[in-house]
Amino acid sequence: MTLCHIFVYICEFKTKTMEQSKKYLLSEKDIPTAWFNIIPSMPVKPRPMLNPATHKPLTVEDLYPLFSEEASRQELNFTDSWIEIPEQVRDLYKIWRPTPLVRARGLEKMLDTTAKIYFKNESVSPVGSHKLNSAIPQAYYCKKQGVTNVTTETGAGQWGAALSLASRMFGLELAVYMVKISYNQKPYRRSIMQTYGAEVIASPSMSTKAGRKIITEHPNYQGSLGTAISEAVELAVSTPNCKYALGSVLNHVALHQTVIGLEAEKQMEMAGDYPDIVIGCFGGGSNFSGIAFPFLRHNLSGERSTEFIAAEPASCPKLTRGVFSYDFGDEAGYTPLIPMLSLGHNFSPANIHAGGLRYHGAGSVVSQLKNDGLIDAVDIPQLESFEAATLFAKSEGIIPAPESAHAIAAAIREARKAKEAGTSPVILFNLSGHGLIDMTAYDRFLAGDLANYEVPDNEITDNTRDLEKL
Ligand SMILES: *Cc1c(COP(=O)(O)O)cnc(C)c1O
């Protein structure tokens with residue numbers, strides 16, 4: 001055997017074990033110059049958000065005490081399809097954008113599927129998730145109007161980490177209310193935020209009225225996103241020169257995330273394909289909207305008929321089993337009333353490891369699109385999500401975030417369906433983040449300690465019964 005033979009042998013051996021996936025890269029000049037606002041293209045516009053005190057449609061001024069003025073304007077912008085990305089924001093995006101689009105040949109081979117699978121890799125951001133796409137513009141708009149302090153909440157810690165870094169970039173002081181169970185179970189995300197200089201408080205806390213009330217009534221309560229939002233909002237509106245920032249659910253957050261899909265559109269073109277199916281995991285809807293809306297605009301204009309699938313956890317099934325109604329975005333009822341598919345703002349989801357997907361409602365745009373049959377949703381049980389995650393890690397080398405694993409599981413379902421039907425659809429999913437700080441969750445999966453959680457019908461009925469009255 002010559003050296004050359006050995007080399008060929010090694011290469012063949014390699015291809016037999018793990019396929020090399022193909023990457024499609026853009027250059028900095030391809031970072032979008034404007035975000036895509038889907039609302040003007042929607043056949044049925046979302047119903048207006050309501051001021052909870054007056055029950056009148058929310059005005060931009062109603063939002064000013066909460067958010068920066070520009071974020072408030074973007075939130076209620078029903079007319080401009082394209083909103084310019086400020087130069088300073090685009091420059092900071094260059095730290096990690098454009099992100100790669102990858103043809104997942106390893107996964108295709110592992111599944112022996114006839115489908116083509118692509119994923120957009122948002123895990124390459126410095127904080128490991130897509131959240132920085134919105135954290136940077138939100139911090140920028142605060143800084144621009146002279147705000148000095150920002151508050152927010154975080155569940156699993158990804159949004160908190162992203163806003164901590166974005167606040168650092170613009171010299172803002174940040175206080176993060178972190179859901180108590182995550183604060184204790186995910187110490188590394190807490191230290192990431194503290195490393196960037198943020199103050200992190202376990203929620204519920206004694207520092208707010210909303211927190212004190214819950215602690216008094218339920219001393220052992222381990223917290224929820226809804227409660228943490230109440231605390232962060234309360235602190236923001238009662239502190240001078242302080243604004244609140246939210247990492248999901250709202251229109252302006254989905255807007256900022258459209259850089260994902262706009263880049264992916266160019267990269268799919270480079271690959272010579274167009275997706276038949278676009279998939280994103282679903283917490284409040286920001287990464288799903290980010291990958292989906294730019295492609296969805298071609299469905300709405302009649303040029304394409306792509307299928308869109310939001311993958312939510314079976315333990316928090318707002319899209320597939322929620323009620324379409326006005327509801328609060330938080331537990332205490334401080335936020336505007338949002339028209340949403342909701343499990344009720346008092347819904348307490350099981351403690352699954354995909355903490356970022358444990359939210360009771362879906363944003364108003366996604367809720368309306370789902371209601372009008374323009375997008376679909378599937379529920380993924382926890383064990384299936386981790387099986388998909390490990391399959392992906394073994395075939396593509398990336399350990400996905402437990403949240404992103406829901407999108408992978410949905411993509412695998414579609415790839416298996418294609419194999420059975422003998423079709424070859426082009427599947428694109430968003431890898432919203434990596435799971436390198438979530439290894440305790442993987443440990444528990446590998447040890448066989450994880451379970452599935454089904455939500456009984458009566459729990460949903462009980463939690464949504466009073467929504468009509470809001
Ligand atoms: C926060 C988060 C999610 C869920 O939030 P969306 O707003 O629905 O995108 C999903 N994946 C990762 C990695 C996250 O950090």
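**Getting to know this predicted model**

Reader: What share of the 470 residues in the protein is buried?

Author: Happy to start there, keeping in mind that this is a predicted model. A residue is called buried when its relative accessible area is under 20%. Of the 470 residues in the protein, the buried ones make up 60%.

Reader: How compact is the protein, and what is its radius of gyration?

Author: The secondary structure comes to 19 helices and 15 strands. For 470 residues the globule rule gives 23 Å, and the value here is close to that, so the protein is as compact as a globular protein of that length; its radius of gyration is 22 Å.

Reader: Which strands are the edge strands of the open sheet?

Author: The open sheet has seven strands with mixed pairing, in the order β1-β4-β5-β15-β10-β11-β14. An edge strand pairs on one side only, and the two that do so are β1 (22–24) and β14 (376–380).

Reader: Why does the span of helix α17 agree with its number of residues, and how far apart are its end C-alpha atoms?

Author: Helix α17 covers residues 404–421, which makes 18 residues. At 1.5 Å a residue, counting one less than the number of residues, the helix should span 26 Å. That agrees with the model, because the end C-alpha atoms of α17 are apart by 26 Å.

Note on methods: Residues are numbered from 1 along each chain as its sequence is written. This is a predicted model: local features need pLDDT of at least 70, side-chain atom pairs count only at pLDDT 80 or more; totals for chains, interfaces and linings use all residues. Side-chain values use heavy atoms; hydrogens and water are left out. Helices (H or I, at least four residues) and strands (E, at least two) are DSSP runs, numbered from the N terminus. Two strands pair if DSSP finds at least two bridges between them. The radius of gyration is taken over C-alpha atoms; the globule rule is 2.2 Å times the number of residues to the power 0.38. Buried means under 20% relative accessible area, exposed over 50%, partly exposed in between (1.4 Å probe, protein chains only).
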